[in-house]
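Let's take a guided walk through one protein model. Keep the sequence and the 3D view open as you read.

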Amino acid sequence: MQTITCSAPGKIYLFGEHAVVYGESAICCAVDLRTQVRADISDTIHISSVLGDTGLDYDKYPYVSAVIENMSEIADIKGINLRIDSNIPVGSGLGSSAAVTIATIQALNLLFGCGLGLEDIATLGHNIERTIQGAASPTDTYVSTMGGVVMVPLKKKLNTIDCGIVIGNTGKFSSTRQLVSNVALLKKHYPQIIDPILSTIGRISITGEELVIKKEYEAIGRLMNINQGLLDAIGVSGPELSNLIYAARSTGAYSAKITGAGGGGCMVALTHPSESKQIASAITQAGGEAIITRVTENGVKVEQ
């Protein structure tokens, strides 16, 4: 029986989360934390992971269930056995839902010979995320599909980043849907205040593009720290994240800010590679789980 195993990476934002939902620019990087989906044809639909075993289940596996239903419109999928393994923390702002969505689409695409290209996969992945979350930027699914450093919404590939990257996970679950909804409500009540903040976040990304191209990490760090202040202003940070952010900064990181929706989940620090372990230790001492990683140019791929 043919088995296909595909994996897709998680991501961090250098700049632009939340503002990107409203069409502003953002810069996002695929990182070397991956979700792996093993697929083989079966008589029934069966999904398994550390979360448990089930059939189509929109409570336990909303993204994977939506992929199966969407792909069933393209291919004759009578039954499928899917096994999911991941080292991306769930609900943490690292794009775990995008990674599992994209890896599952590609596994079914190859197993059933659907002929979808990478752009098709990214678009379908975004449509699925948007359906489940209510509002979703195409960023996560695009970066998970393509890999590397990407400026959105232009979908422009930038130079890879080769400084140290340390992620700090608060361990507190973060609901992207809830946080996006909270910002939308603020924007509705105070448009004259919130619109300029979101627009400034977009301008930070545009200014940051040139710095990424030149690999000016200290300057990138300064802009990331400003971006964090603006995210704090729209209410998407929190005490647990702030503890980790300031622990990393006070230990010498170029920058530290939330990555993703906020409200919990993860922060990210950029640092000189030789300082990564020191920053990770500071994050751990401040109560977070530290993950040292790097940017990956590999988007969705087949695992041998």
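This is a predicted model: local features need pLDDT of at least 70, side-chain atom pairs count only at pLDDT 80 or more; totals for chains, interfaces and linings use all residues.

Residues are numbered from 1 along each chain as its sequence is written, and side-chain values use heavy atoms, with hydrogens and water left out.

**The helix pair**

Two packed helices are described by the angle between their axes and the distance between the axes. Here, helix H1 (residues 62-71) packs against helix H2 (residues 96-111) at about 30°, and their axes are 9 Å apart. Axes are lines fitted to C-alpha atoms, for helices over the stretch in contact, and angles run from 0 to 180 degrees between N-to-C directions. Helices (H or I, at least four residues) and strands (E, at least two) are DSSP runs, numbered from the N terminus. H1 and H2 are therefore roughly parallel to each other (an angle under 35 degrees).

Which residues of H1 and H2 meet? From H1 come Tyr63, Val64, Val67, Ile68 and Met71, and they meet Ser97, Val100, Thr101, Thr104, Ile105, Leu108 and Asn109 in H2; contact means heavy atoms within 4.5 Å. The residues of this contact divide into eight nonpolar, four polar and no charged. Ala, Val, Leu, Ile, Met, Phe, Trp, Tyr, Cys and Pro count as nonpolar, Asp, Glu, Lys and Arg as charged, and the others, Gly among them, as polar.

**The cysteines**

How many disulfides does a search of the whole structure find? The search finds zero, where a disulfide is a pair of cysteine sulfur atoms within 2.5 Å. The table shows two of the cysteines. Buried means under 20% relative accessible area, exposed over 50% and partly exposed in between (1.4 Å probe, protein chains only).

**Two single residues**

Ser48 lies in strand E3 (residues 45-49) and is buried, with a relative accessible area of 8%. Leaving aside neighbours within four places in sequence, Ser48 is in contact with Asp53, Tyr61, Leu82, Arg83 and Ile84.

Glu24 sits in the loop between strand E1 (3-15) and strand E2 (26-41), and is partly exposed at 23% relative accessible area. Not counting residues up to four places away in sequence, Glu24 touches Ala19, Val152, Pro153, Leu198, Ser199 and Gly202. Glu24 and Val152 are 128 residues apart in sequence, yet 8.1 Å apart in space, C-alpha to C-alpha.

Key. Angles under 35 degrees count as roughly parallel, over 145 as roughly antiparallel, 65 to 115 as roughly perpendicular and the rest as oblique.
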